[in-house]
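Reader: Hi! Could you walk me through this structure while I have it open on my screen?
Author: Happy to, so let's bring it up and start.

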Amino acid sequence: MSFEVSFRPEQIGNAPDIRAQVLHKCKEKNKGIQVISKSFIDARRKDNVKIIYRVDTYSHKEYEQLQRKNIEDALPLMGKSIIDPEDRPIIVGFGPAGMYAGLVLCRYGLRPIIIEKGSSVDKRAQDVNTYRTKGEINSDSNIQFGEGGAGTFSDGKLYTGVSSGLKGFIGDVMIKYGAPSDIAYDSHPHVGTDNLVNVVKGIREEIISLGGEVHFDTSLTDVVISGGKVTGIKTNRGDFPCSHLLLAIGHSSRDTVRMLYSKGITMESKPFSVGVRIEHRREMIDKAQYGFDTSLYKNIFAANYKLAVDTITGKKLYTFCMCPGGEVIAAASSPESICTNGMSYRARDGRNSNAALLVPVSSSDYGEGVLDGILFQEELEHKAFVAGGRNYSAPVSTYGSLMGNTTSVGAVIPTYTPGYKETDLGDVLPSFVMETLKDGICNMGRKIKGFDNPDSVLTAVEARSSSPVRILRVNETYESVNTTGLYLSGEGAGYAGGIMSSAIDGIKCANRIAESMLK
């Protein structure tokens, strides 16, 4: 049985225990086990905003079956025996795809060896902070590389358009290791960067407890292939033999992609997007979306939005990775480049809200070569470095300045650190991107009041929303189309886009590996 209950913001916003408040209002509260399965805000009428919760009621037997199903969906091969205990799979990359693949393989008893170019999450946090405060970048340990992947410092947004029964398992694991329990039902589940640090450490510790290994600060330098089959890898810290190699390298592992391309691993360029981060005052977005300031309530978080508009250039402009009450962060992974991303802490109570504003690009924009998209990204990021003053400050502009007015930064203060410089973003972005931004922001202002305010701040450049290449794999096995034993997963291979979809892909890939290693 399922039913819904609703509250006005003042009824639930500061409740000490949301679950108790919701179940108290349920008419069937004494029958069976009750689970909140969904929550969302209905703000279609700003004078009558409702926070709605759906509650599902189960018998004890039904609830036990539901819990078992989450595990069975992720681990359908449990009970099978290992063919060769000495044959250990290797995973390259410890982001969402690599972590969940490693966890699944460990629960099967296959003891994977995991290597990660970046550092452990605690050391990585220090490196990220050094870059943000001093402009000193560590090319191997930063926002893009290290334990937990890029998502660890992009606040753990779990909402995705991918439909999969694996979401329950992924959420259960995160909650077990410290994620808020509401990620199981919130329509915009959000772990928060501050919580993700403990979540990724918890997953790593379970992997190690089950016989897996995790090697940080270890870079893949070569894949050893003989007769069209993987036989091992080479790293900066030694060589490892293997017959099953899973690459979960993330969307910024440009050196690895170039190495694979030089070895003849089949890949192709793919469309991606580039643009800027736009910042508004959080309170303004809250009132435009909900009609009230969310800072009044501890249980109602800053407002989200998701927009897409057509423009006069023929290109769409769309928002991505919206960070309510968050910050624009320095996300470069190489010297003399500027790349932005966004993040929020769990509370989402910062002074600004931001989102990526992206314009799709394809080979007709950046070149026909397989690696031309990477070159295009690198060129934009270096231009941003130059435009920002060559000191790791980011180039920024108000929307008013973009439109030819004299508006300067003031009402909305950029959150980007280590610093920013007001400049002409046309020195960074191609003209078609600039024209798309100008027209598209105006059109978005018709959907959210104030979105096109002249004092809105644009920070360049956002260029890594997804990988510019796809490493081709066989649909059924997840193996490279021309190299046996080479498995491809996640954002870096071009098959996912975000924490949840990457974790789902990693689990599926791990099960394909397990099928060939278990009997």
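Predicted model: local features only at pLDDT ≥ 70, side-chain atom pairs only at ≥ 80, totals over all residues.

Reader: What kind of peptide bond joins Thr 417 and Pro 418?
Author: A cis one, with omega at about 20°. Most peptide bonds are trans. Another cis bond joins Ala 460 and Val 461, where omega is about 10°. Val 461 has its place in strand β20.

Reader: Nice. Which strand is Glu 462 found in, and is that residue buried or exposed?
Author: Glu 462 is in strand β20, residues 457-462. Glu 462 has 3% relative accessibility, so it counts as buried, the cut-off being under 20%.

Reader: What is Glu 462 in contact with, leaving aside its neighbours within four places in sequence?
Author: Quite a list, including Ser 273, Arg 277, Thr 340, Asn 341 and Leu 358. Ala 356 is one of the contacts too. The C-alpha atoms of Ala 356 and Glu 462 are separated by 6.9 Å, while the two residues are 106 apart along the chain.

Reader: How about another glutamate, Glu 213: where is its place?
Author: Glu 213 sits in strand β6, residues 213-215. With a relative accessible area of 28%, Glu 213 is partly exposed. Setting aside neighbours within four places in sequence, Glu 213 contacts Arg 88, Pro 112, Ile 113 and Ile 114.

Reader: OK, changing topic to aromatics. How many aromatic pairs does the count come to?
Author: Twelve. In one of them, the rings of Tyr 131 and Tyr 392 have their centres 5.8 Å apart and their planes at 85°, so the pair is edge-to-face. Tyr 131 lies in helix α5 (residues 121-134) and Tyr 392 in the loop between α11 (372-387) and β18 (394-398), so the pair ties together parts that are 261 residues apart in sequence.

Reader: Are those two tyrosines buried or exposed?
Author: Buried: Tyr 131 has 3% relative accessibility, and Tyr 392 has a relative accessible area of 13%. Another pair is Phe 292 with Tyr 297, with ring centres 5.6 Å apart and planes at 90°, so this pair is edge-to-face. Both Phe 292 and Tyr 297 are buried.

Reader: Which residues form one aromatic cluster with Tyr 131?
Author: Phe 385 and Tyr 392.

Reader: Where does the charged end of Arg 473 sit?
Author: Over the ring of Tyr 478, 4.0 Å from its centre. Arg 473 also lies over the face of Tyr 495, 3.8 Å from that ring centre.

Reader: Last one: at what angle do helix α3 and helix α6 cross?
Author: Roughly 105°, with the axes of α3 (residues 60-74) and α6 (residues 167-176) coming within 8 Å. That makes α3 roughly perpendicular to α6. Asn 70, Ile 71 and Ala 74 in α3 meet Gly 168, Phe 169 and Asp 172 in α6. Those contact residues divide into three nonpolar, two polar and one charged.

Methods. Residues numbered from 1 in each chain as written. Heavy atoms only, no water. Phe/Tyr/Trp six-rings, centres within 6.5 Å; stacked < 30°, edge-to-face > 60°. Helix = DSSP H or I, 4+ residues; strand = E, 2+ residues; numbered from the N terminus. Buried < 20%, exposed > 50% of the residue type's maximum accessible area, 1.4 Å probe, protein only. Lys NZ or Arg CZ within 6 Å of the ring centre and 35° of its normal. Axes fitted to C-alpha atoms, helices over the stretch in contact; angles between N-to-C directions. Parallel < 35°, antiparallel > 145°, perpendicular 65-115°, else oblique. Contact = heavy atoms within 4.5 Å. Nonpolar A, V, L, I, M, F, W, Y, C, P; charged D, E, K, R; others polar.
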